[in-house]
Amino acid sequence: MKKILLLLLAALLFAGCETADSLNDGKDTVKKLLEGAEWAQGRSSLIINGKKFESDALGTVCAVYSYAGVKLPEENDTLLLMLEEKKLLFSRGVRLPGDILFADGKCIGMVVRSNGKTGETVYLGADSRGYITYISTMRKIKLFGRGAGL
């Protein structure tokens, strides 16, 4: 009887435990996003698994997320709504690698690194010629989504 109770107790305890893989999911996603950013930087055309993405900021972010295995909506409004519904949209706080940046309701890129002390944010976006590039800004980004949480 004691053995059965101990086995039952152990089963209950381990049922609520997360595996190392599930605890690592967010970190692995961010790592893959940053790898995708490196891959995309300097390109003028983004094709992942046969799908061509637009050479603008939203297309760049969608392509990099696709590279990391995460499918995002390819319309600004839909992406904003999805992040808001999942409570992953923020107007203040620390921006982390993989966060999706918005200005005036439009995606402007994905955070590669951010310095909370100086306020500098380096993000992957598209320049006016459609080339994917790193952009550094000191301006206050008013809205960002924690896309790696999807």
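Is Arg146 buried, partly exposed or exposed? The exercises below treat this and related points.

This is a predicted model, in which local features need pLDDT of at least 70, side-chain atom pairs count only at pLDDT 80 or more, and totals for chains, interfaces and linings use all residues. Residues are numbered from 1 along each chain as its sequence is written, and side-chain values use heavy atoms, with hydrogens and water left out.

**Exercise 1. Classify Arg146 and describe its salt bridge with Asp99.**

Solution.
- Step 1: Buried means under 20% relative accessible area, exposed over 50%, and partly exposed in between (1.4 Å probe, protein chains only). Arg146 has a relative accessible area of 22% and is therefore partly exposed.
- Step 2: A salt bridge is a side-chain nitrogen of Lys or Arg within 4 Å of a carboxyl oxygen of Asp or Glu. For the side chains of Asp99 and Arg146 the N to O distance is 2.7 Å.
- Step 3: Asp99 belongs to the loop between strand 3 (89-90) and strand 4 (100-103), and Arg146 to the segment after strand 8 (143-145), so this pair ties together parts that are 47 residues apart in sequence.
- Step 4: Asp99 has 1% relative accessibility and so counts as buried.

**Exercise 2. Describe the salt bridge between Glu35 and Lys32.**

Solution.
- Step 1: The side chains of these residues, Glu35 and Lys32, meet at 3.2 Å, N to O.
- Step 2: Helix 2 (residues 20-40) holds both Glu35 and Lys32, which are three residues apart, about one turn of the helix. Helices (H or I, at least four residues) and strands (E, at least two) are DSSP runs, numbered from the N terminus.
- Step 3: Glu35 is partly exposed at 36% relative accessibility, and Lys32 is partly exposed with a relative accessible area of 31%.

**Exercise 3. State the accessibility of the salt-bridge partners Asp127 and Arg129.**

Solution.
- Step 1: The closest N and O atoms of Asp127 and Arg129 are 2.8 Å apart.
- Step 2: Asp127 has a relative accessible area of 24% and is partly exposed, whereas Arg129, with 62%, is exposed.
- Step 3: A search of the whole structure finds four salt bridges.

**Exercise 4. Summarise the protein chain by its elements and its burial.**

Solution.
- Step 1: The chain has four helices and eight strands.
- Step 2: From the N terminus on, the order of elements is α-α-β-β-α-α-β-β-β-β-β-β.
- Step 3: Of the 150 residues in the protein chain, 35% are buried.
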